[in-house]
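Subject: Structure handover

Hello,

Here is the structure you asked for. Please open it first, then read the notes below it.

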Amino acid sequence: MLQIAVTGKPNVGKSSFFNSATSSSVEMANYPFTTIDANKAVAHVISECPCKELNVTCNPRNSICIDGKRLLPVELIDVAGLVPGAHEGKGLGNQFLDDLMQAKVLIHVIDASGSTDAEGQSVEAGSHDPLDDIEFLEDEIVMWMYGILNRNWVRLVRKIEAEKLDIAKVIFDQLSGTGITLEDIIEAKRKVNPDYTKWEKEDFMELIRNILHIAKPMLIVANKADLPTAEENIKRMQEKYPYVIPASAESEIALVKAAEAGLISYTPGDSDFEILEKDKLSDNQLKALEYIKVNILEKYGGTGIQTALNEAIFGLLNMIVVYPVQDEHKYTDQKGNVLPDGILVPKGAVPKELAYLVHSDIGDNFMHAVDARKNMRIAADYELQDKDVISIVTRG
Ligand SMILES: Nc1nc2c(ncn2[C@@H]2O[C@H](COP(=O)(O)OP(=O)(O)OP(=O)(O)O)[C@@H](O)[C@H]2O)c(=O)[nH]1
Ligand SMILES: [Mg+2]
């Protein structure tokens, strides 16, 4: 399953974001290093399901359909907080980046209210500038990767020379387990000094930064947007960085809980809620809900949690959703389930790649594919489109 990592300095609300997105209840507390071991759970990104347009009732298997909205599973990883100097062992160090680097995309949670200092200690709201927290994370990840590459570098250069090895492939092997592909490295290497025997620390850093930008896109989540000091900081962040999503994990948790108790009607991603059981809500609860409505939902169009997940997958990773079926007339699988699976595929993927994502056997025996909507065979180099319903024809 596609993985998204939630990362950032301590005490910014990473676990709160994780809990709100996955309905989990891992520990959250107002001090640094509450989380030590990584937490993993399933969250969902939301896309329009083709069922309404095709006028069918679907029977989802790998996903969920609510009122024509398809919820597709992704795995969220919540890790320990990282502090400046983690590569020198500060805080909990950076060893746990192993967990984080499994993910294809990173969500960098920032305390936009400025109520935690660089190490995650709680300070008076507004007294720390959250813009100072943005760059350090990339620096720490770069230092971590530098540590891995630098460890055996002298020996490796000798080996590359002696055995005439491909440098990109050697770097790729060193970074195995990070999900970084050989293509990512080849592309990243184009922009650095081609003579690797002369590489200094700066050249390594440049290479690693290029690799990171290509292989691990990062979304900034400006959390604690419910606190009054956040608004101004969010504006400044959005002026400087392209992907900044204002969010309030605490508000999302409150709304989801109230909805589960049947007190309000609210679905993650909504920009409003409706009170169902006014009599059962205390004055304080009503006030809190009103506060969220005015200061989060109306101001930012939602709590930002679902927006962040969707933006990470459909924006940064440029994924689309494709629905493989067996019977192109009824849009069903072998068992008669209508539109059973929604599969996240990178934009630009062709039918055979979809076949491999469904199952390696189906990929191996792929013959051609049929566009179920048009009931027409499609070319091998046809670029799959979002919400395509595709029947894969295999040998045997
Ligand atoms: N006001 C406000 N507080 C929040 C929000 N999200 C989290 N918090 C609070 O911030 C504190 C830290 O939350 P956690 O979710 O434990 O933060 P973390 O980043 O996982 O912290 P570590 O695991 O220690 O690195 C807690 O007191 C939360 O209640 C939010 O959206 N608004
Ligand atoms: Mg935590």
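Which element gives the most to the shell around ligand 1? Helix α1 does, with three residues. This is a predicted model, in which local features need pLDDT of at least 70 and side-chain atom pairs count only at pLDDT 80 or more, while totals for chains, interfaces and linings use all residues. Residues are numbered from 1 along each chain as its sequence is written, and chains are lettered from A and ligands numbered from 1 in the order in which they are written.

The ligand. There are 23 residues around ligand 1, and Gly13, Ser15, Asn30, Thr35 and Gly81 come nearest (a residue is near if its C-beta atom, placed from the backbone, lies within 6 Å of the molecule). Two or more residues each come from α1 (14-22) and α10 (249-260); helices (H or I, at least four residues) and strands (E, at least two) are DSSP runs, numbered from the N terminus. The shell holds nine nonpolar, ten polar and four charged residues (Ala, Val, Leu, Ile, Met, Phe, Trp, Tyr, Cys and Pro count as nonpolar, Asp, Glu, Lys and Arg as charged, the others, Gly among them, as polar).

The domains. An automatic or database assignment gives domain 1 (3-124 + 215-248), domain 2 (143-214), domain 3 (251-298) and domain 4 (318-394). The centres of domain 1 and domain 4, taken over C-alpha atoms, are 31 Å apart. Their contact takes 16 residues from domain 1 and twelve residues from domain 4 (contact means C-beta atoms, placed from the backbone, within 7 Å). On the domain 1 side, β2 (39-48), α2 (51-54) and β4 (69-78) give two or more residues each. That side has eight nonpolar, five polar and three charged residues.

A helix pair. Helices α4 (residues 134-151) and α8 (residues 201-215) pack at about 120°, with axes 9 Å apart (axes are lines fitted to C-alpha atoms, for helices over the stretch in contact, and angles run from 0 to 180 degrees between N-to-C directions). Residues of α4, including Ile141 and Met145, meet residues of α8, including Phe204 and Leu212. This contact divides into nine nonpolar, one polar and two charged residues.

Regards

Conventions: Two residues are in contact if their C-beta atoms, placed from the backbone, lie within 7 Å.
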